[in-house]
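Below is a briefing on a single chain, arranged by topic.

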Amino acid sequence: MRTWRVGTFSMGASLLLLGIFLLFSRVIGLDLSNVMMSWWPAILVVLGAEILIYLILSKQEKHFLKYDFLSIFFIGLLGTVGIAFVIFNSTGLLGKVQEVMAREERTSELPGFDYKLDSSVKRVVVRTVDYPLTIEGTSENAVSMFGTYRAQTAKRNKLISKTEDYIYANQKGDTLYLNVKSLPSEMGPFDSYSTIAATILVPKDVTVEIIGNENPITLKPREIMNDWSVNGASSLVVQVGKNSDLKISAAGVQDVQGKDGAWKVTEEKPDAQGNYSGFKNATYQKGEGKHLLSIANTSNVSLNIEE
């Protein structure tokens, strides 16, 4: 009488098939997750074949049936892993995990943005968002934006492929509206990080209004030929050209910095209860002050003067 240990043959065949699959995955470059999802049904085939073989042999001679519980447990464990891969793949979690594992932090160039202005445009409104921005005056009759962005992305993904991904331009009447967009991001356990370091060039002979949205801004108006304004920046650095003819008026700021004696600061008067708000007004003038740079609702203003 022979003893038949159910599970021993299945475990050996399963290990053999798994080894073959993994070997071919290394040779031809198969994805391990795809191997695990496609391999595990072979366990059922092997286990079923073993039962059929036992039934055939049991008719020819008498067999004593015995279960190899360790082998059966190992087969069940392999099958459970395979089923788990399938479930994760069907819910999209497996693809998300693969994407996160393939991420790397890269710095790439922004696609160049250029918008030619016609004679009807007299005003440019810039709305910033989420990251620092540098705005400079230029003698060209066009608005342009360039720079780099840093993001955590998979190697095969390109976060920004066209200008519409990071800026939107819309002309209404004599005003050009520029809305800088937030970069795509993910929330939750798979959140990603991205930021932009960019510069916007605007003609120095048009009126410029900048909406800060509590973001840091560096302003380089150079020799502007019209009035500019900044509202709602978290902090503002102003670099004034040596040939500038302008007046800077900062209202309701907490702190102003720059060359000693450059700012004329006026402390705000206390209220009826004698309390001070901590805000102050400050002005700076270079030349005759022909053009005005107005600053409002900005905590910190730093002034750099070219010699």
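In this predicted model, Ser244 touches Arg222, Glu223, Lys286 and Gly287, leaving out residues up to four places away in sequence; a contact means heavy atoms within 4.5 Å. Ser244 lies in the loop between strand 14 (235–240) and strand 15 (246–253). Ser244 counts as buried because its relative accessibility is 6%; buried means under 20% relative accessible area, exposed over 50%, and partly exposed in between, with a 1.4 Å probe and protein chains only.

**Basis of the model**

- Residues are numbered from 1 along each chain as its sequence is written, and side-chain values use heavy atoms, with hydrogens and water left out.
- Because this is a predicted model, local features need pLDDT of at least 70 and side-chain atom pairs count only at pLDDT 80 or more, while totals for chains, interfaces and linings use all residues.
- The mean pLDDT (the predictor's confidence in each residue, from 0 to 100) of the chain is 77, and 58% of its residues reach 70 or more.
- Confidence is lowest in strand 2 (residues 63–67), with a mean of 54, and highest in strand 5 (residues 123–127), at 96.
- Where pLDDT is low, the predicted coordinates should not be read in detail.

**Polar contacts of Ser244**

- A polar atom of the Ser244 side chain lies 2.9 Å from the backbone oxygen of Arg222.
- A polar atom of the Ser244 side chain also lies 3.0 Å from the backbone oxygen of Gly241.

**Salt bridges**

- The whole structure holds 3 salt bridges, each defined as a side-chain nitrogen of Lys or Arg within 4 Å of a carboxyl oxygen of Asp or Glu.
- Glu136 forms a salt bridge with Arg222, with the closest N and O atoms 3.0 Å apart. This pair links distant parts of the chain, with Glu136 in strand 6 and Arg222 in the loop between strand 12 and strand 13 (228–231), 86 residues apart.
- Glu136 is buried at 13% relative accessibility, whereas Arg222 is partly exposed at 44%.
- Arg123 forms a salt bridge with Glu209, and the closest N and O atoms are 3.0 Å apart. Here too the pair links distant parts of the chain: Arg123 is in strand 5 and Glu209 in strand 11, 86 residues apart.
- Arg123 is partly exposed, at 23%, and Glu209 is partly exposed, at 28%.
- Lys162 forms a salt bridge with Asp165, the closest N and O atoms being 3.3 Å apart. Lys162 is partly exposed at 44%, as is Asp165 at 22%.

**Overall fold and strand pairing**

- The chain has 5 helices and 20 strands; these are DSSP runs numbered from the N terminus, with helices (H or I) of at least four residues and strands (E) of at least two.
- Of the 307 residues, 34% count as buried.
- Among contacts with a separation of 6 or more, 74% are between residues 24 or more positions apart.
- Strand 6 (residues 133–138) pairs with strand 10 in the parallel sense over 6 bridges; two strands pair if DSSP finds at least two bridges between them. Glu136 stands opposite Leu201 in strand 10.
- Strand 10 (residues 194–203) is largely enclosed by the rest of the structure, because 7 of its 10 residues are buried.
- Strand 8 (residues 167–172) and strand 9 (residues 175–180) run antiparallel and are joined by 6 bridges. Tyr168 has Asn179 in strand 9 as its bridge partner.
- The hairpin of strand 8 and strand 9 has 2 residues between the strands, and Gly173 there takes a positive phi near 65°.

- Asp255 is in strand 16 (residues 255–257) and is partly exposed, at 28% relative accessible area.
- Leaving aside neighbours within four places in sequence, Asp255 is in contact with Ser299, Asn300 and Val301.
- Ser302 is in strand 20 (residues 300–305) and counts as buried at 16%.
- Ser302 touches Leu236, Val237, Val238 and Gln257, not counting residues up to four places away in sequence.

- Most residues other than glycine have a negative phi.
- Asn213 has a positive phi of about 50° and sits in the loop between strand 11 (207–211) and strand 12 (217–220).
- Asn297 has a positive phi near 55°, lies in the loop between strand 19 (291–296) and strand 20, and is exposed at 52%.

How values were computed:
A polar contact is a pair of N or O atoms within 3.5 Å; within protein, one must be able to donate a hydrogen and the other to accept it, and residues adjacent in sequence count only if both atoms are side-chain atoms.
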